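Please have the model open.

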Amino acid sequence: MSDNTQTSIETRLFINGEFRPSSDGKTFPVINPFTREPAAEVHEASKADVNDAVAKAKAAFPAWRALSPTQRGKYFHKLTSLIREHEQEFARLEALSSGKPVSRYIDASVAADAFSYFAEAGWTVQGSSSWNTPGQLNITSREPYGVVAAIIPWNVPFAFFGIKVAPALAAGNTIVLKSSEKAPLTCALGAKLIAEAGFPPGVVNVLSGYGPTTGALLASHMEVRCLSFTGSTQTGRKVQSYAAQSNMKTVHAELGGKTPAIIFPDADLESAAAQTSFSVQIFSGQTCNANSRIYVHESVADRFLNLLKSMFGAAVLGDPLDKETTLGPQVDQIQYERVKSYLLIGEKEGALTFGGDAKNGYFIKPTVFENVPEDAQIVKEEIFGPVVVVNTFRTEEEVLAKANDTEYGLYAAVFTRDIDRAVRVSKLLEAGTVGVNCTSPCMPKDMPFGGFKGSGMGRESFLHSMDCYLETKAILIQAGS
């Protein structure tokens with residue numbers, strides 16, 4: 001891999017097929033959360049840059065829309081190969097910007113799979129027909145919006161690059177994507193490979209900048225007709241507000257979560273502990289679907305907790321570039337201080353029985369709280385760190401009420417060998433995805449992913465994403481006599 005030098009990392013904006021500095025010269029630092037030293041100085045898109053990117057995407061739209069799925073797909077195939085060739089470089093850049101261990105890096109593989117699938121999927125965009133109205137042949141067509149915007153999070157940025165860009169383009173749209181200010185480096189590399197794959201100028205534009213400025217400009221832009229957002233529920237509300245106050249653009253959002261995992265007494269406790277432990281630790285707990293609430297039946301609670309804590313204790317904290325490291329630091333000081341504040345709150349609300357602040361840079365140890373009231377902040381609010389609340393239950397009715405007593409509904413899990421119970425509980429859990437004897441991040445690529453309640457609207461996956469990037473038109477054809 002190349003060394004960590006400023007010249008080896010692309011940090012400019014990608015507009016109309018070219019890299020350029022921000023129009024007003026503004027930049028912002030990306031801090032390596034492990035060394036706490038600058039990793040790069042990244043260009044911040046101004047209002048003029050946002051307007052130019054949208055204008056170039058709009059100009060590129062007619063020609064891109066006119067291509068067949070096969071003609072679009074040839075660019076996707078080239079990009080897929082390039083992403084796979086650069087997977088180590090993606091992993092290195094993510095370690096430098098967000099502290100994600102290279103041993104846990106999945107983003108490039110997820111993105112490559114997305115571009116590979118959507119290289120062919122455009123052929124499935126079809127409408128319907130009807131002779132039901134006498135004298136008329138009536139048909140529907142599925143058509144792209146035009147310019148789509150995507151605003152992605154910092155925890156798995158390049159995965160979301162693929163998850164959003166690939167279906168939007170396959171459907172015939174052009175796109176302007178804003179990367180997170182916390183982790184913009186892999187998206188810039190993705191833009192570099194977009195250019196190398198030969199995508200026509202303007203079809204894909206990649207901007208870096210902050211949410212309240214660059215993101216808000218995109219969300220309120222009158223020429224953006226559809227917006228896909230992944231991030232916190234709080235920011236999702238703002239995005240939806242901007243959209244409503246501008247041109248009523250269609251918004252799809254995958255937001256926060258507070259995933260419950262229910263452990264019944266007949267569950268395979270070792271498997272349940274291993275999977276829930278991984279769910280809480282992956283990406284240092286900085287995932288929307290981490291099972292941050294575990295409800296274990298009181299008859300097996302002690303055994304389960306011993307297994308969970310043993311697996312938490314095996315975490316290897318260290319340099320994200322070291323392949324032995326399994327748990328990196330929190331993404332930055334803001335997130336580290338946020339998680340620490342929840343640790344202090346939690347100690348007042350319940351019992352911290354394992355882990356806590358590592359007192360070493362931005363590291364938080366995998367942490368367990370027990371005996372926490374259901375109305376406590378650490379039970380109700382998304383912490384976004386390697387912190388789990390483990391409470392006990394006696395009856396199925398009781399635990400379902402607790403699991404569903406949240407404004408979130410992204411993911412839920414149930415562990416039991418009783419298939420009748422598994423089906424019954426899965427039906428009653430209020431979540432967009434329910435895992436039976438499995439938990440997050442388990443998410444098959446052909447299953448719809450999205451949330452109930454405050455966890456979002458719309459669904460993403462191989463078979464469902466393109467629906468979010470297409471409008472339906474009715475065409476009424478009066479037949480001749």
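**The second largest pocket**

The second largest pocket has 25 lining residues, and nearest its centre lie Val-110, Ile-163, Pro-441, Met-443 and Phe-449. A pocket here is an open set of points on a 1 Å grid over the protein atoms alone, where a 1.4 Å probe fits, with protein on both sides within 12 Å along at least five of seven lines; lining residues have an atom within 4 Å of a point. Helix 4 (107-121) and helix 5 (157-170) are the elements that give two or more residues to this lining; helices are DSSP runs of H or I, at least four residues, and strands are runs of E, at least two, numbered from the N terminus.

This is a predicted model: local features need pLDDT of at least 70, side-chain atom pairs count only at pLDDT 80 or more, and totals for chains, interfaces and linings use all residues. Residues are numbered from 1 along each chain as its sequence is written, and side-chain values use heavy atoms, without hydrogens and water.

Where does the pocket lie? Domain 1 (13-255 + 458-474) and domain 2 (260-453) both contribute to the lining, so the pocket lies between them; the bounds come from an automatic or database domain assignment.

Now the chain. Its secondary structure comes to 14 helices and 20 strands. The C-alpha atoms fill a box of roughly 75 × 65 × 40 Å along the principal axes.

Mean pLDDT, the predictor's confidence in each residue from 0 to 100, is 96 for the protein chain, with 98% of residues at 70 or more. Over residues 1-7 the pLDDT is below 50.

Technical notes: Contact means heavy atoms within 4.5 Å.
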